[in-house]
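Hi,

Here is the structure I said I would pass on.

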Amino acid sequence: MFKITLPQLESHLWECANILRGSIDSADYKNYIFGLLFLKRLHDVFSEAEQHPPERGDGVGDGDKHTRDAHLFVVPENSRWHRLQALTEGIGAAINEAFAALEAENPVLRGVLATIDFSDTERLPDKLLQQLIRHFSAIDLGNGNLSEPDILGRAYEYLLKQFAADAGKKGGEFYTPSKVVELIVSLIKPEEGMRVCDPTAGSGGMLIQAVDYIKATGGNPQRITLHGQERNLKTWAICKMNLLLHGLWDHRIEKGDTIREPKLLEDGELILYDRVIANPPFSLSNWGLEEARTDTLARFRFGLPPKDKGDFAFVQHMVATLAPNGKAGVVVPNGVLFRSGAEAAIRRGLLEEDLIEAVIGLPPNLFYGTGIPACILILNRNKEAAKKRKVFFLNGASGYQEGKNQNFLRDSDVQDIVSAYEKWEAVDQYCRVVEHSEIQANDYNLNMARYIDLSEQEAQIDVGAALAKLRALEAERGEVEGKMLRFLKELGYDA
């Protein structure tokens, strides 16, 4: 029996973007395509279960009773795909109705699909939607037709990457390059049984890769708590769909601004996590200074960042949510390492409490929509004895593959950084363990160049070989000049 492969599915789904191209802004493709992909997937799995009911009553049994367990959605009649296929007009309104009915039957989806509106008949005329529905109808997304269990989740990640590249500057708002995420996850090493949080969750890629890491290291991915918060409503919805398509049902992703309105609370206090991972917006202006002044959760005890640079607001929020054994990895612009004023005071506070474990410099131009140089901060509330009062600096700026519009980390680059971090030893011009006393002498400045020699080594010149090459070139030139003079003489020119 033919089963769809990942490359086939990726190609088919990306063609949806080509159908929409010209009618919809590229930054909005993802909302419509992900919505229809999600609806088609749920419909096909539900129909498959109706045709082949599980024997032990642990799935969908009687189609009329809509019995189900926690791992299967009910797809009501108004949300059935064949209903959309039969329509020739009013298709956008019918899709909205299908989404609303699906949310009504499945509380876990409340508010997720409502963020997608197909009713704009100017940008989404019936003929265009008919074409899109026909395209989706050509593939069966039921479990029995997929060549591997997580193919939908992987295809979703592929689309996110493509949409981020297509959206340019806006792409960085919802997607962090996969290899950067893999690097951070490999540095903080989440384990089975841990609580993991991304306070700026975006499309959920960091949480998903934390689960992938636990799987790869032999842990049980069902024994992990996933939490997050995302400010952008549409991105929050994409995150929810992403987690669900990866089979990650037990999660808590809150809507709202993490700094102004943190919602991951228990009994009015911040929930504490074993691992926190994030890529907050770089140097965000208007990040919530006024609200931070009256914060009641003790998040900003090292000081308030400048009103136009919110980087340390997110870093301090992450620190405040770390459990006693907690560890965090966060992407920040390099300016965080050396800017003066309020940020210098915050750096000092973090260092005096021995919370900064490592500074990992990244290659240029890795992120969508920005060329700002960046690094990874590793924060640790429970450093090993040998690492106390020390910071590990690593200059990873030269380890990358150059791309047309942006650069990429390779597998080998990730492995090199993780290996050096684990060894915790000095390598000339690459990494070094620095005592706090040296950092203190530099006024708590963490600029990489203060601790690692970043100058390019001049190539050694073999003077003898260079002279020999010069003489050979001079002889060759003399020979060519001789030939030219003979030709000129034959032509009647007396040089």
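**Salt bridges and what surrounds them**

Arg-348 and Glu-352 sit four residues apart in helix H13 (residues 342–352), so about one helical turn separates them. Their side chains meet in a salt bridge, with N to O at 2.8 Å. Arg-348 is partly exposed, with a relative accessible area of 42%, and Glu-352 also counts as partly exposed, at 42% relative accessibility. Before you go further, keep in mind that this is a predicted model.

In total the structure holds 26 salt bridges. As background, side chains of opposite charge can pair when their charged atoms come close. Arg-299 is one to click on: it forms a salt bridge with Asp-295, and the closest N and O atoms are 2.9 Å apart. Here Arg-299 counts as buried at 3% relative accessibility, while Asp-295 is partly exposed, with a relative accessible area of 21%. There is also a network of salt bridges that links Arg-231, Asp-257, Arg-260 and Glu-291.

Another pair is Glu-254 and Arg-252, whose side chains meet in a salt bridge at 2.8 Å, N to O. Glu-254 counts as partly exposed at 22% relative accessibility, and Arg-252 is partly exposed too, with a relative accessible area of 27%. Both of them are touched by Lys-263, which also touches Gln-229 and Lys-255, leaving out residues up to four places away in sequence. You'll find Lys-263 in the loop between strand E3 (251–255) and strand E4 (265–266). Lys-263 counts as partly exposed, at 28% relative accessibility. If you want a sense of scale, Lys-263 and Ser-412 are 149 residues apart in sequence and 38 Å apart in space, C-alpha to C-alpha.

Not counting residues up to four places away in sequence, what Arg-41 touches is Leu-141, Gly-142, Asn-143, Leu-146, Leu-152 and Leu-245.

Ser-79 is another buried polar residue to look at, with a relative accessible area of 0%. Ser-79 lies in the loop between H2 and helix H3 (81–85). What does the side chain of Ser-79 reach? It reaches the backbone oxygen of Ala-98, at 2.6 Å. Leaving aside neighbours within four places in sequence, Ser-79 is in contact with Leu-39, Ala-98, Ala-101 and Leu-102.

**Helix H7**

Helix H7 (residues 178–188) is largely enclosed by the rest of the structure, because eight of its 11 residues are buried. The buried ones are Val-180, Val-181, Leu-183, Ile-184, Val-185, Ser-186, Leu-187 and Ile-188. What covers the buried residues of H7? The cover includes helix H8 (205–216) and helix H14 (411–423), along with strands E6 (273–278), E7 (322–333), E8 (356–361) and E9 (374–380). After H7 comes Lys-189, which has a positive phi, near 50°.

**Other positive phi values**

Ser-283 has a positive phi as well, near 45°, and is not a glycine. You can find Ser-283 in the loop between E6 and helix H10 (289–293), and at 24% relative accessibility Ser-283 counts as partly exposed.

Asp-443 is not a glycine either, but its phi is positive, at about 55°. Asp-443 lies in the loop between helix H15 (436–441) and helix H16 (463–490). Is Asp-443 buried or exposed? Asp-443 is exposed, with a relative accessible area of 63%.

**A nonpolar patch**

Finally, have a look at H16, where Val-463 is placed. Val-463 is exposed, with a relative accessible area of 55%. Together with Leu-467 and Leu-470, Val-463 makes a nonpolar surface patch of about 260 Å².

Cheers

Terms used. Residues numbered from 1 in each chain as written. Predicted model: local features only at pLDDT ≥ 70, side-chain atom pairs only at ≥ 80, totals over all residues. Heavy atoms only, no water. Contact = heavy atoms within 4.5 Å. Buried < 20%, exposed > 50% of the residue type's maximum accessible area, 1.4 Å probe, protein only. Helix = DSSP H or I, 4+ residues; strand = E, 2+ residues; numbered from the N terminus. Patch = residues over 30% accessible without salt bridge, like charges linked within 9 Å, V, L, I, M, F, W, Y side chains within 5 Å. Areas by Shrake-Rupley, 256 points an atom, 1.4 Å probe, with all protein chains shown as cover. Salt bridge = Lys/Arg side-chain N within 4 Å of Asp/Glu carboxyl O. Polar contact = N/O pair within 3.5 Å; in protein donor to acceptor, adjacent residues only side chain to side chain.
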